[in-house]
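Good morning, and thank you for coming.

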Amino acid sequence: MSAVRVRPEDIFNCRRCGDCCRGYGGTYLCPEDTVAISRYLGISQEVFKARYCVMSGGRPMLGQAESGYCIFWDGLCSIHPVKPRMCRKWPFIESVLTDIGNWKAMASCCPGMKTDLDDEIILAAVRAYLEDKGG
Ligand code: SF4
Ligand code: SF4
């Protein structure tokens, strides 16, 4: 008998409220993100970093607009096709597997995340998602 597979949509449905794009977000960029976004914007990586990023712990992170939202928020994500890995994976991130408390903390600012489920269901869905996407 095979185990029941938990689908991502069983534990998360984005409401497109934009709340995750507001605040000092800590949206870190991996080198591939920097290349993809710079190319999408048609500027060099150096100009991209100087214009749109702040450095934190030696790593580039997306900056914040005066509105308090991510610098690329314009009613929706203006770089959606190339948005950073962190934004694409949300909320299916590795740290949930090491501490389920992270899911609950993240859910406090994301109405799309379900919290009325057993921890095992949430963990199974996050694990399956990360395995499918190659981590
Ligand atoms: S806060 Fe959650 S529900 Fe709202 S846009 Fe972000 S991911 Fe979607
Ligand atoms: S890159 Fe897009 S999805 Fe990510 S925080 Fe900025 S506006 Fe939101």
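This is a predicted model: local features need pLDDT of at least 70, side-chain atom pairs count only at pLDDT 80 or more; totals for chains, interfaces and linings use all residues.

The chain contains 7 helices and 2 strands. Read from the N terminus, the order of these elements is α-α-α-β-β-α-α-α-α. If we draw a box along the principal axes, the C-alpha atoms fill roughly 55 × 30 × 25 Å. The chain has 135 residues, and 21% of them count as buried. Consider also the contacts between residues at least 6 apart in sequence: 61% of these join residues at least 24 apart.

The domain assignment divides the chain into domain 1, residues 19-86, and domain 2, residues 91-135. Taken over C-alpha atoms, the centres of domain 1 and domain 2 are separated by 23 Å.

Let us now look at a pair of helices. In general, two packed helices are described by the angle between their axes and by the distance between those axes. Here the pair is H2, residues 31-41, and H3, residues 45-52. Their axes come within 9 Å and cross at roughly 95 degrees. An angle from 65 to 115 degrees counts as roughly perpendicular, and H2 and H3 are therefore roughly perpendicular to each other. Which residues in H2 and H3 meet? On the side of H2 we find Thr34, Val35, Ile37, Ser38 and Leu41, and on the side of H3 we find Gln45, Phe48 and Lys49. By class, the residues of this contact between H2 and H3 are 4 nonpolar, 3 polar and 1 charged.

Is isoleucine 37 buried or exposed? A residue is buried if 20 or more other C-beta atoms lie within 10 Å of its own. Isoleucine 37 has 23 C-beta neighbours inside 10 Å, and so it counts as buried. Leaving aside residues up to four places away in sequence, isoleucine 37 touches Phe48, Ile79 and Val82. The C-alpha atoms of isoleucine 37 and proline 81 are separated by 9.0 Å, although these residues are 44 apart along the chain.

Proline 81 itself lies in the loop between S2 and H4. Proline 81 is exposed, because 8 other C-beta atoms lie within 10 Å, and 12 or fewer is the condition for that class. From proline 81 to cysteine 109, 28 residues apart along the chain, the C-alpha separation is 24 Å.

Serine 78 also belongs to the loop between strand S2, residues 59-62, and helix H4, residues 85-89. With 13 other C-beta atoms within 10 Å, serine 78 is partly exposed. Its C-alpha atom and that of leucine 123, 45 residues apart along the chain, are separated by 31 Å.

Returning to helix H2, we also find arginine 39 there. Arginine 39 counts as partly exposed, with 13 C-beta neighbours inside 10 Å. Arginine 39 and cysteine 70 are 31 residues apart in sequence, and their C-alpha atoms are 19 Å apart in space.

Cysteine 70 leads us to the ligands. How many residues surround ligand 2? There are 12, and the closest are Cys21, Cys70, Trp73, Cys77 and Cys87. The shell around ligand 2 divides into 9 nonpolar, 2 polar and 1 charged residues.

Around ligand 1 we find Cys14, Arg15, Arg16, Cys17, Gly18, Asp19, Cys20, Trp90, Cys110, Pro111 and Gly112. By class, the shell around ligand 1 consists of 6 nonpolar, 2 polar and 3 charged residues.

Two members of the shell around ligand 1, Arg16 and Trp90, bring us to the backbone. Arginine 16 lies in the loop between helix H1, residues 8-11, and H2. Although arginine 16 is not a glycine, its phi is positive, at about 55 degrees. Arginine 16 counts as exposed, with 9 C-beta neighbours inside 10 Å.

What is the peptide bond from tryptophan 90 to proline 91, cis or trans? The bond is cis, with omega near 0 degrees. Proline 91 is located in the loop between H4 and helix H5, residues 94-98.

Thank you for your attention.

Key: Residues are numbered from 1 along each chain as its sequence is written. Chains are lettered from A and ligands numbered from 1 in the order in which they are written. Axes are lines fitted to C-alpha atoms, for helices over the stretch in contact, and angles run from 0 to 180 degrees between N-to-C directions. Helices (H or I, at least four residues) and strands (E, at least two) are DSSP runs, numbered from the N terminus. Angles under 35 degrees count as roughly parallel, over 145 as roughly antiparallel, 65 to 115 as roughly perpendicular and the rest as oblique. Two residues are in contact if their C-beta atoms, placed from the backbone, lie within 7 Å. Ala, Val, Leu, Ile, Met, Phe, Trp, Tyr, Cys and Pro count as nonpolar, Asp, Glu, Lys and Arg as charged, and the others, Gly among them, as polar. A residue is near a molecule or strand if its C-beta atom, placed from the backbone, lies within 6 Å of it. Domain bounds come from an automatic or database domain assignment.
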